[in-house]
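Hi,

Here is the structure I promised to pass on.

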Amino acid sequence: MELLRKLTQNFGPSGCETALHDIIKAEVENYVDEVYSDVLGNLIAHKKGNGKKVMVCAHADEIGIMVKSIDDKGYIHFTNIGGLGTFTSIYQRVQFANGTVGVVSYEVKDGGAKNLKFDDLYIDIGASSKEEAEKLVSVGDQAMFLGDFAETGENVISKAMDDRAGVYVMIEALKMMKDCPNDLYYVFTSQEEVGLRGAKGAAFDIAPEYALAIDVTDTGDTPGCSRMAVKLGDGACIKVLDSSIICSKAIRDLLTDLSEEKGIKVQYEVLKAGGTDAGAIFATKSGALTGGVSIPTRYIHTPSEMVNKFDLKECIRLVAAFSEHNMEDVK
Ligand code: CO
Ligand code: ZN
């Protein structure tokens, strides 16, 4: 859990993913032939092979905020980076790259805290004037939400499980893998939260024939939540659909076969709201047979995203099995 703690707690809103590259590189470099980054901010770990080109990815970025303006009293006005709500932002703490911490609050308008827009919210960093605030924070600076890493029973809570849990699954799968007949690219993508941007460029460059995106997915097991078959603690999710993709049947079937063969517990994910890198890779160039392995996660896009240790273990085993499977027979 120490590696997952380190990955989740590190700074890395969309556009600032390179802040994670040293940590990831140190973990994977002994297991691959080369590690390099591109101008989009992707980090690519390449395990050379003579077989089919396979791309596996998880996004390194997390949701956050960006400073729009600073007022005369030193309060910071901001916009969201990625899909977060005003409701989940209020009274949370944010931290900038230089360590400056602030609290998010809001201007009281008619209707109280209902129907708030990001323009109604502000960050208080304890400055008493614009000049004082500008010593610490500038327009265009980004911040992440703070959310400590904690374990509760078999579950783990932290900010940025989306998608550092996916990054963690890939790192551990790489370590677990034995022989790999494929030409394998493990890509830690950039700017997923703002439109699947890094994965698109990486897929264009690599031009994989097979692809798998590892990300978090919602669950349908909390009071009053929307209907969904996924449960926390019930194993790895084989993605069938999200708003960016209908997964290739060949990949869904392969993942099912592998889970039966290895005794990996799986469930099937139909996610109505929310896309993943899978959608970007699927539709780049002439396309790739694409699927997804997802980590069941409660309270996504809040500073308290919750995952389960058993699910993580099953995801790691499934991603490793996929990566070392000879793709020659998958059509
Ligand atoms: Co997300
Ligand atoms: Zn994600």
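Let me start with a loop residue: Gln191 sits in the loop between β12 and α6. Its phi is positive, at about 50 degrees, although Gln191 is not a glycine. With a relative accessible area of 22%, Gln191 counts as partly exposed. Keep in mind throughout that this is a predicted model.

Glu193 lies in the loop between β12 (183-189) and α6 (197-206), while Asp162 lies in helix α5 (residues 161-176), so the pair ties together parts that are 31 residues apart in sequence. Both Asp162 and Glu193 are buried.

Now the cobalt ion (ligand 1). Its donors are Asp162 (OD), Glu193 (OE), Glu193 (OE) and His301 (NE2), at 1.8 to 2.5 Å. Along the sequence, the donor residues of the cobalt ion (ligand 1) are spaced D-x30-E-x107-H. What is the geometry of the cobalt ion (ligand 1) site? It is irregular, with angles of 56 to 143 degrees among the 4 donor atoms.

On to the zinc ion (ligand 2). Here the protein donors are His59 (NE2), Asp162 (OD), Asp215 (OD) and Asp215 (OD), lying 1.9 to 2.6 Å from the ion. Their spacing along the chain is H-x102-D-x52-D. The zinc ion (ligand 2) site is irregular too, and the angles among its 4 donor atoms run from 52 to 147 degrees. This site links distant parts of the chain: His59 is in strand β3 (residues 53-59) and Asp162 in helix α5, 103 residues apart. His59 is buried, as is Asp162.

Which residue bridges the two ions? That is Asp162, which coordinates both the zinc ion (ligand 2) and the cobalt ion (ligand 1). The two metals lie 3.2 Å apart.

The backbone around Asp162 is worth a look as well. The peptide bond from Asp162 to Asp163 is cis, with omega near 5 degrees, and Asp163 lies in helix α5. Ala160 is in the loop between β11 (155-158) and α5. Phi of Ala160 is near 60 degrees, a positive value in a residue other than glycine. Ala160 is buried, at a relative accessible area of 6%.

Next, the packing of α5 against other helices:

- Helix α1 (residues 2-9) packs on α5 at an angle of about 140 degrees, with the axes 9 Å apart, so α1 and α5 are oblique to each other. The crossing of α1 and α5 is right-handed. On the α1 side the contact is made by Leu3, Leu4, Leu7 and Thr8, and the α5 residues include Met161, Arg164 and Tyr168.

- Helix α2 (residues 21-28) meets α5 at about 20 degrees, with the axes 10 Å apart, which makes α2 roughly parallel to α5. This crossing is right-handed. Ile24, Glu27 and Val28 of α2 touch Val167, Ile171, Leu174 and Lys175 of α5.

- α5 and α9 pack at an angle of about 55 degrees, with their axes 8 Å apart, and that makes α5 oblique to α9. Again the crossing is right-handed. Among the residues in contact are Ala165, Tyr168 and Val169 of α5 and Leu312, Cys315 and Ile316 of α9.

While you have α9 on screen, find Glu314, which lies in that helix (residues 309-324). Is Glu314 buried or exposed? It counts as buried, because its relative accessibility is 2%. Leaving aside residues up to four places away in sequence, Glu314 touches Gly235, Ala236, Gly263, Ile264 and Lys265.

Ser128 and Lys73 are 55 residues apart in sequence, yet their C-alpha atoms are 5.6 Å apart in space.

If you open one view, I'd go for the Asp162 bridge between the two ions.

Cheers

Methods
Residues numbered from 1 in each chain as written. Chains lettered and ligands numbered in written order. Predicted model: local features only at pLDDT ≥ 70, side-chain atom pairs only at ≥ 80, totals over all residues. Heavy atoms only, no water. Donors = N, O, S within 2.8 Å, 3.2 Å for Na, K, Ca; no water. Tetrahedral: all angles 85-135°; square planar, octahedral: opposite > 155°, others 65-115°. Helix = DSSP H or I, 4+ residues; strand = E, 2+ residues; numbered from the N terminus. Buried < 20%, exposed > 50% of the residue type's maximum accessible area, 1.4 Å probe, protein only. Axes fitted to C-alpha atoms, helices over the stretch in contact; angles between N-to-C directions. Parallel < 35°, antiparallel > 145°, perpendicular 65-115°, else oblique. Left-handed = near helix turned anticlockwise from the far one by under 90°. Contact = heavy atoms within 4.5 Å.
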